[in-house]
Amino acid sequence: MAPSGIAATPEKKLGFEFEPSPWGDFFIEYEPKPLQIKLVSQYINYYMDLADVFNKFKGEDGTFKKDITSQPSGLLSLYNAAHLLIHGEPALEEAISFARHHLELVSSSLKSPLAQQVKRALHRALPRSCKRVETLHYISEYGEEEGHNPVLLELAKLDFNLLQHVHLKELKAITEWWKNIYDHIGLSYIRDRVVESYTWAYVIYYERWFELPRIIIAKMMLLITILDDTYDTHGTIEECRKLYEAVQRWDESAVSLLPEYLKKFYIELLRTFKNIEGEMPVDINYDIAHLKKAVQNNVTGYLQEAEWSHKNYKPRFIDQVNLTSLTVGAPTVCVSMMAGMSDTIMKQALKWTADVPDVVVAAGKIVRLMNDIAAFERGKCNNDVASSVDCYINEYSVTSDVAIARIGALMEDEWRTLNQARFGNRVLLPAMQRIISLALSASFIYDNRNDAYTASKHLQKTIEGLFIKPM
């Protein structure tokens, strides 16, 4: 039945159901075993000079030393360090190729834990992995290293377990918040992904004292997922246009524009922003107007995608990537991240990020292209706009394998852009590091060309390791 004021239309999208999250209400009821030891954690900042690491592997003539091939741990260091390359560094490209070739040759003969570390690095170099997920592996492997410090290992395990309790409290709270909203708005077609959203926020901001940005990021992911699923899989083009208009107006009076099934969600969207603003600590100078504008821009992009889909239009590859690298939610998430900046740079960092600088665009492209490759591999929903892979195949008349390989090369360029950003404005470096962590999180969420956010079974083992199983 068409809601009042909106005519019935034959354009309603075919029903599409996402698989349910395996977690349900698990974290509302889950109570971990209490820890018996109190510990004050100490954190050590570690810095590695890339030039020093690189040059020690070369002889006086500038070529790689022949004996390095017999030092797999040194090759691994070279391989990882070289992945911090920027544009125009062919020597580091050579180092990656050289180290990878020789690591592959010796990988089958290595012993634990080096064997596992090389295997992971060949799959994804250390500078492109999520620190917290890598911690899960390294703590379990450190005890096997010759000369390891048992006291340091025990402290690392205790610190991990203490943080696990902190994160479990947050996860329980946001699961309860989401359950209330999900039950209230009654949108059965959307992805129920609260645990997955929190996990994504967690791998970006895992440190103990960053609860505020973790929760804001997770809530924004959930809200833009509702919007994304409405535009992609459910709404008619007319309903999509009305939702766009209501979000741009951002006022409760605009609820009258909407079909009945979207009215409760719209009110919850506005209420969530009011609550975030009202609950903001007095010493945090975070202007939520920037976040609201980011969501409005997100919806502008969603509507453009819906118009393309409605007209059966396949855009040029570059146009598709330029739009969807923003609608993937990168600007919204990056603006959310700025809630964790210190007061000395909060205002500057928030304004800079809200203007969508190149580093945000680069991170968004990496997330988008990984997402599209995963969607193409699993077979996308019929209602989706053509992906970047589809557009590349259509525009350049190539096979899917060729398209994915070339898109991989484009992602490599974006990684170098992110590495270059670290040498920019030093004042904004903390903000840039967090934005770069969004791209790192994409390599976790879309690992092995799986969309673990949508098909959340791929995250289950990692979520258990991060939040349920103590070290």
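1. A306 belongs to helix α12, which covers residues 289-310. In this predicted model, A306 has 8% relative accessibility and counts as buried, because the cut-off for buried is under 20%. Its C-alpha atom is separated by 6.7 Å from that of I237. Along the chain, A306 and I237 are 69 residues apart.

2. Helix α10 runs over residues 237-249. The axes of α10 and α12 come within 10 Å. They cross at roughly 165°. Angles over 145 degrees count as roughly antiparallel, so α10 and α12 are roughly antiparallel to each other. The crossing of α10 past α12 is left-handed.

3. Helix α7 spans residues 150-185, and helix α8 spans residues 194-204. Their axes come within 10 Å and cross at roughly 140°. α7 and α8 are therefore oblique to each other. α7 passes α8 in a right-handed crossing.

4. Helix α4 holds 17 residues, 90-106. How far apart are its end C-alpha atoms? They are 25 Å apart. At 1.5 Å a residue the helix should span 24 Å, so the two values agree. The buried residues of α4 are L92, A95, I96, F98, A99, H102 and L103.

5. Check the peptide bond between S112 and P113. It is cis, with omega at about 5°. P113 sits in the loop between α4 and α5, the latter being residues 114-123.

6. The aromatic pairs come to 15. One of them is Y392 with Y396: the ring centres are 4.5 Å apart and the planes lie at 35°, so this pair is tilted. Both tyrosines lie in helix α17, residues 388-396. They are four residues apart, about one turn of the helix. Y396 is partly exposed, at 42%.

7. W177, W178 and Y182 form a cluster linked by ring pairs. W177 also has a charge over its ring: the charged end of K219 sits there, 4.7 Å from the ring centre. A second case involves F210. The charged end of R434 sits over the F210 ring, 5.0 Å from its centre.

8. S397 is not a glycine, yet its phi is positive, near 55°. S397 lies in the loop between α17 and α18. At 67% relative accessibility, S397 counts as exposed. N448 is also not a glycine, and its phi is positive at about 55°. The loop that holds N448 lies between α19 (429-445) and α20 (460-468). With 52% relative accessibility, N448 counts as exposed; the cut-off for exposed is over 50%.

9. Q420 is in helix α18, residues 400-421. Its relative accessible area is 35%, so Q420 counts as partly exposed. Which residue has its C-alpha atom 9.1 Å from that of Q420? It is V359, 61 residues away along the chain.

Definitions and conventions. Residues numbered from 1 in each chain as written. Predicted model: local features only at pLDDT ≥ 70, side-chain atom pairs only at ≥ 80, totals over all residues. Heavy atoms only, no water. Helix = DSSP H or I, 4+ residues; strand = E, 2+ residues; numbered from the N terminus. Expected span 1.5 Å × (residues − 1). Buried < 20%, exposed > 50% of the residue type's maximum accessible area, 1.4 Å probe, protein only. Phe/Tyr/Trp six-rings, centres within 6.5 Å; stacked < 30°, edge-to-face > 60°. Lys NZ or Arg CZ within 6 Å of the ring centre and 35° of its normal. Axes fitted to C-alpha atoms, helices over the stretch in contact; angles between N-to-C directions. Parallel < 35°, antiparallel > 145°, perpendicular 65-115°, else oblique. Left-handed = near helix turned anticlockwise from the far one by under 90°.
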